[in-house]
Amino acid sequence: GEPPSHLSIGVIGPVSSGKSTLCGRFILTYKGIDKKIEKQYRTQASHYGKSQEEWMSWILDQQRIERERGHSMENSIWGLNLDEESQMQAHLKSKDVKELRRFTIIDSPGGSHSEKRVHQACAFTDSAVVVLSAVPGEYEGCLDQFRQYAMAAMTAGIKSFVVAVNKMDHQRVLYSKERFDQIEKFVRNFFESRIRRRSGRSIAVVPVSAKTGCNVCSFKNHNSPMSWWNGDTLVAAVAALRGSPKRLGPESIKKPLRFIVLKSFRSYQSGTIAIGRVEAGQLRVGQNVVVSPGGMRGIVNSIQQHYKDEKTANPGDLVGVGLKGIAVRDLKCGFIMGLEEKNSPKTTVSFEAQILVTNQPYDIREGASHVMDIHGAHIPVRLQSIRARHKQKKGTKEIEDSYSNPKSLKPSERGEVTFKPLKPVCVETSDVYNHLGRFAIRSNGAIVSVGAVTSVKYESK
C-alpha cells in the first residue's frame with residue numbers, strides 16, 4: 001500500500017554510531033531549525049572544542065551533560081516535514097511518495113544501560129532507522145548492542161527497517177565498498193532470518209556520512225566519493241517506509257481510546273502537558289479522560305502536533321496534550337489514557353501470556369522476579385506460575401511435547417505463564433491492542449524472553 005502522510009520513526013543503534021548527528025543533518029537540510037538558533041549552536045560548540053560538523057548533534061542533545069560527554073542520555077523528539085522541494089532534491093520517485101510526508105523522529109541513546117530508552121522509543125514509533133558505524137573496531141565491538149536493540153524493536157512490533165551504515169568518511173574506511181558489503185551481508189542475514197517479508201520487500205541498507213552529508217539527503221553525482229553506490233539516498237529509503245496496517249489502519253480508530261504517555265511537563269500557559277502517542281481511537285479537545293494506573297480524571301484542553309494546534313488526533317499521531325485536572329507528578333512514562341466510560345483503561349492485577357525463552361544460557365523459573373518492558377512501561381514483575389511448556393522440534397514449527405505445570409522454561413522453549421506486576425501498570429491483550437500487549441523480559445540488560453498478553457485480570461473498583 002501507499003505510505004501514510006505521517007510516520008513516526010525511531011532512530012536506534014549502538015553508542016557512538018552517529019545517531020544524533022544523522023538526525024541533526026536531516027533537520028538542518030530540511031530547514032527544521034531556525035537560522036538564529038543554528039548560529040547560536042555553532043558558536044557554543046566551538047567553545048567546547050567541537051568541529052563544525054559535530055554541532056549538529058546538539059539540535060537533539062539539549063542537556064548540558066549530553067553535550068559535554070558527546071552522548072545522548074534521553075529520548076529526544078523532533079517533527080520534520082518532507083515537502084515537494086525536498087522530495088525533488090532527494091530524487092524521490094513518484095511511486096515512493098504520493099503525498100506530503102510528515103515525520104516525527106525519536107532519537108534514542110545507545111549506551112550500555114539504555115535498553116529501557118530504546119524500547120520506549122520503539123514502542124512509540126512505527127518504523128526504525130538502525131545506525132551502525134563502519135569504523136573497524138567500533139562496528140565489531142557493538143554487535144551485541146546491535147542485536148539487543150534490533151530485537152527490542154522487533155519485540156515492540158516494528159517490522160519496517162532502514163539500516164544506515166554511517167561514518168563512511170572516516171580515515172580508516174574512506175568510502176570502501178568492500179567494508180560496506182561486509183556489513184550489509186551480516187545485517188541482511190540478521191533481519192531477513194527474523195522478519196517475515198511480504199511482497200518481496202527487503203531491508204534497505206544505505207551507506208552514509210552524517211558529517212559530510214554524503215548520500216544522506218542529496219542524490220549522489222559522479223564526483224561523489226561513493227560513485228560505486230547505485231541505490232537510493234537515505235531520505236528516499238526513509239520516505240518509502242511503511243507502518244503496520246493493523247496499527248494504523250481504519251480499524252484502529254473504531255476502538256476505544258488508548259493514549260500512551262511518553263513524558264509530561266508543566267507549561268505556564270497550558271498547565272499540564274502529556275506527550276505521547278494515540279494507539280487507538282480518536283482524541284478530541286473537550287473529552288473527559290481517565291489515566292491508569294491511578295484513575296486520575298481530567299479534561300483535554302488542547303492538542304498540539306509539530307507546534308500546531310489540532311482539534312483531533314488519530315492513531316499513530318505523536319502529540320502534546322494539554323490536560324486540566326491532572327498534575328504532572330501523576331503522569332509517568334507508560335501510563336495509559338482513555339475515555340471516562342465503560343472501556344476506560346484499568347490497573348492490572350495479573351495477566352496471562354505466551355512467552356518464548358530466547359537463545360541464551362539461563363532458564364526462567366517459577367517465582368522469580370524480572371524486569372519487563374511493555375509499551376512505554378518499565379516495571380518489575382514476578383512469574384507466578386507456568387501453566388504449560390511447549391518444546392519445539394529443531395528445524396520445524398511443530399510442537400513436540402506439552403508439559404502441564406512445569407517449574408521452569410529452558411532456552412528456545414515456549415510456555416503459557418502468569419505474571420504479577422510488582423508496580424502499578426496498565427496492560428491490554430495483544431489481540432485487541434497488539435502493541436499494548438507485547439513485552440520483553442530482561443535480566444542484566446539482556447532480553448531473556450519475549451511474549452504477548454492473552455488475558456488480563458483488572459483491579460476491581
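Let me start with R442. This arginine is buried, with a relative accessible area of 7%. What does R442 form a salt bridge with? With D373, the closest N and O atoms being 2.5 Å apart. R442 sits in strand β23, residues 438–443, and D373 in strand β18, residues 369–374, so the pair ties together parts that are 69 residues apart in sequence. D373 is buried as well, at 1% relative accessibility.

Now the background. This is a predicted model. Mean pLDDT for the protein chain is 82. Of its residues, 88% reach 70 or more. One stretch to treat separately is residues 93–99, where pLDDT stays under 50. For that stretch the model has 10 contacts beyond four places in sequence.

The overall numbers next. The protein chain has 461 residues, and 52% of them are buried. There are 11 helices and 24 strands. Take the contacts with a separation of 6 or more: residues 24 or more positions apart account for 73% of them. The chain exposes about 21900 Å². Carbon and sulfur atoms supply 47% of that area.

On to a strand. Is β5 mostly covered or mostly open? Covered: β5 spans residues 161–166, and six of its six residues are buried. F161, V163 and V165 point one way from β5. V162, A164 and N166 point the other way. Both sets are buried.

What lies alongside β5? Strand β4, residues 127–133, runs parallel to β5 and is joined to it by six bridges. Strand β6, residues 204–207, also runs parallel to β5, with four bridges between them. V165 shows both pairings. L132 stands opposite V165 in β5, and in β6 the bridge partner of V165 is P207.

Back to charge. Side chains of opposite charge can pair when their charged atoms come close. How many salt bridges does the count come to? The count is 17. I have shown you R442 with D373. Here are two others.

Take D126 and R277. Their side chains meet in a salt bridge, 2.5 Å from N to O. D126 is in the loop between α5 (115–123) and β4, while R277 is in strand β8, residues 271–280, so the pair ties together parts that are 151 residues apart in sequence. Both D126 and R277 are buried. The pair also belongs to a network: D126, R277 and E279 are linked by salt bridges.

Then R297 and E340. Their side chains meet in a salt bridge at 3.1 Å, N to O. This pair links distant parts of the chain, 43 residues apart. R297 is in strand β11, residues 296–305. E340 is in the loop between β15 (336–339) and β16 (348–357). Buried or exposed? Neither fully: R297 is partly exposed, with a relative accessible area of 42%, and E340 is partly exposed at 40%.

Another arginine, R25. This one sits in helix α1, residues 19–29. R25 counts as buried because its relative accessibility is 16%, and the cut-off is under 20%. What is R25 in contact with, leaving aside its neighbours within four places in sequence? M56, A210, K211, T212, G213, V216 and C217.

Last topic, backbone geometry. Most residues other than glycine have a negative phi, and most peptide bonds are trans. Here are some exceptions to look at.

A cis peptide bond joins S292 and P293, with omega about 0 degrees. P293 lies in the loop between β10 (288–292) and β11.

L174 has a positive phi, near 50 degrees. L174 is in the loop between β5 and α8 (177–192). L174 is exposed, with a relative accessible area of 58%.

N215 also has a positive phi, about 65 degrees, although it is not a glycine. N215 is in the loop between β6 and α9 (234–239). Is N215 buried or exposed? Buried, with a relative accessible area of 5%.

That is the tour. Thank you.

Key: Residues are numbered from 1 along each chain as its sequence is written. This is a predicted model: local features need pLDDT of at least 70, side-chain atom pairs count only at pLDDT 80 or more; totals for chains, interfaces and linings use all residues. Side-chain values use heavy atoms; hydrogens and water are left out. Helices (H or I, at least four residues) and strands (E, at least two) are DSSP runs, numbered from the N terminus. Buried means under 20% relative accessible area, exposed over 50%, partly exposed in between (1.4 Å probe, protein chains only). Contact means heavy atoms within 4.5 Å. Accessible areas come from the Shrake-Rupley method with a 1.4 Å probe; for residues, only the protein chains shown count as cover. pLDDT is the predictor's confidence in each residue, from 0 to 100. Two strands pair if DSSP finds at least two bridges between them. A salt bridge is a side-chain nitrogen of Lys or Arg within 4 Å of a carboxyl oxygen of Asp or Glu.
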